[in-house]
Amino acid sequence: MEFITLNTGAKMPLEGFGVFQIPDAEECEDVVYNAIKTGYRLLDTAAAYMNEEALGKAVARAIADGLTTREELFITTKVWVSDMKNEDTAYEAVKISLAKLNLPYVDLVLLHQPMGDYFAAYRGITKAYREGLTKAIGVANFYPAILTNFCKFVEVTPAVNQVEIHPFFVQQGAIENMKSLGVAPQAWGPLAEGKHGIFTDPELVAIGEKYGKSAAQVVLRWNAQRGVSIIPKSVHVNRMEQNIDIWDFSLTDEEMTTIAAKDLGHSEIVDHSDPNFVNFIINM
Ligand SMILES: NC(=O)c1ccc[n+]([C@@H]2O[C@H](COP(=O)([O-])OP(=O)(O)OC[C@H]3O[C@@H](n4cnc5c(N)ncnc54)[C@H](OP(=O)(O)O)[C@@H]3O)[C@@H](O)[C@H]2O)c1
């Protein structure tokens, strides 16, 4: 596993495990336990995923069984838009997440969306950061213009910006902008949530065959190799194993370019510039 150094000085594993869309508590606990057993040390949840309790139980079980230590783990959660009304609601949301996780601190708290009063909410998570409830703070889905303005007016530069990044939405400009601001890019949906035939794409499959790897491993490696942290999700142990087995090969510059050329220049999952999407989120 490789690590990146955040602007706090903390080391974050370049690859982690996401738990979006695993709402069943028992299943989620087993999935997270298996992910830790497989070797994942970065775990990515959110208040909105409704599975912080399950993740906390899996972490406690894995530590009790000697699979890992709390210090080895990097746990991320996110404050949802309904708690981004003001500083106090966001600060309290961090405390509620910690109670659900049954942890005294997490490693990273993100604002889940650039919606609600996100400046006030960021002051709330900044307070939590200063009190040691989280080791770092950051944002998600902050597109370049929003992030650039945001970084100019906050006291603590976000450590991470988690946005959708995969070969069909390369986000090269956004990544360069984040890096210039001292914000680490992290890819959600690094497997494009399985869309666009990503697992059977002939070019990705052919590149993988050269190294004895799957298309999934090729696209995860591609992001990691350009310094983008990845948090793939799978409920299946064989896929968890496959997705983390990307550290023993390197893509050539030509292969990196071939993969990046698949860029559609927009998301096929969510459109953050669509007012209907924003209305949907803030009314959830
Ligand atoms: N900040 C945000 O707004 C935001 C938004 C979305 C996601 N996220 C985070 O990012 C994480 C990852 O994104 P995601 O879960 O949306 O999508 P993803 O990781 O791109 O794709 C997950 C999908 O791919 C399948 N899959 C995984 N590995 C596979 C493999 N090797 N071969 C074939 N299929 C495979 C999974 O199925 P199975 O589970 O059935 O294996 C699942 O359907 C989330 O879990 C969450 O933590 C954040």
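User: How do the residues of the shell around the ligand divide into nonpolar, polar and charged?

Analyst: Keep in mind that this is a predicted model. The shell around the ligand holds 12 nonpolar, 10 polar and 4 charged residues.

User: Which residues come nearest to the ligand?

Analyst: There are 26 residues around the ligand, and Gly 18, Phe 20, Trp 188, Leu 191 and Lys 233 come nearest.

User: And which element gives the largest share of that shell?

Analyst: That's helix H9, residues 237–244, with 3 residues.

User: Let's zoom out. What does the secondary structure of the protein chain come to?

Analyst: You'll count 11 helices and 10 strands in the protein chain. Its radius of gyration is 18 Å, close to the 19 Å from the globule rule for 284 residues, so the chain is as compact as a globular protein of that length. Along the principal axes, the C-alpha atoms fill a box of roughly 55 × 45 × 35 Å. Buried residues account for 48% of the 284.

User: What share of the contacts between residues at least 6 apart in sequence join residues at least 24 apart?

Analyst: In the protein chain, 74% of them do.

User: Now a single helix. How do I read which way its residues point?

Analyst: Start with the general idea: an α-helix has 3.6 residues a turn, so residues three or four places apart point the same way. Now take helix H3, residues 87–101: its 15 residues reach 21 Å from first C-alpha to last, close to the 21 Å expected.

User: Which residues in H3 are buried?

Analyst: Ala 90, Tyr 91, Ala 93, Val 94, Ser 97, Leu 98 and Leu 101 are. Look down the axis of H3 and these buried residues fall within an arc of 155 degrees, so they line one face of the helix. On the face turned away from that buried side sit the exposed residues Lys 95 and Ala 99.

User: What covers the buried residues of H3?

Analyst: The cover includes helix H2 (52–64), strand E5 (74–79), strand E6 (108–111) and helix H4 (118–130).

User: Which residue follows H3, and what is its phi like?

Analyst: Asn 102 follows H3, with a positive phi near 60 degrees. Asn 102 lies in the loop between H3 and E6. It counts as partly exposed because it has 13 C-beta neighbours inside 10 Å, and a residue is exposed at 12 or fewer.

User: What about Gln 21: buried or exposed?

Analyst: Exposed, with 11 other C-beta atoms within 10 Å. Gln 21 also has a positive phi, about 65 degrees, although it is not a glycine. You'll find Gln 21 in the loop between strand E3 (17–18) and helix H1 (25–38).

Key
Residues numbered from 1 in each chain as written. Predicted model: local features only at pLDDT ≥ 70, side-chain atom pairs only at ≥ 80, totals over all residues. Helix = DSSP H or I, 4+ residues; strand = E, 2+ residues; numbered from the N terminus. Expected span 1.5 Å × (residues − 1). Buried ≥ 20, exposed ≤ 12 C-beta atoms within 10 Å, placed from the backbone. Arc of directions from axis to C-beta. Contact = placed C-beta atoms within 7 Å. Near = placed C-beta within 6 Å. Nonpolar A, V, L, I, M, F, W, Y, C, P; charged D, E, K, R; others polar. Rg over C-alpha atoms; globule rule 2.2 N^0.38 Å.
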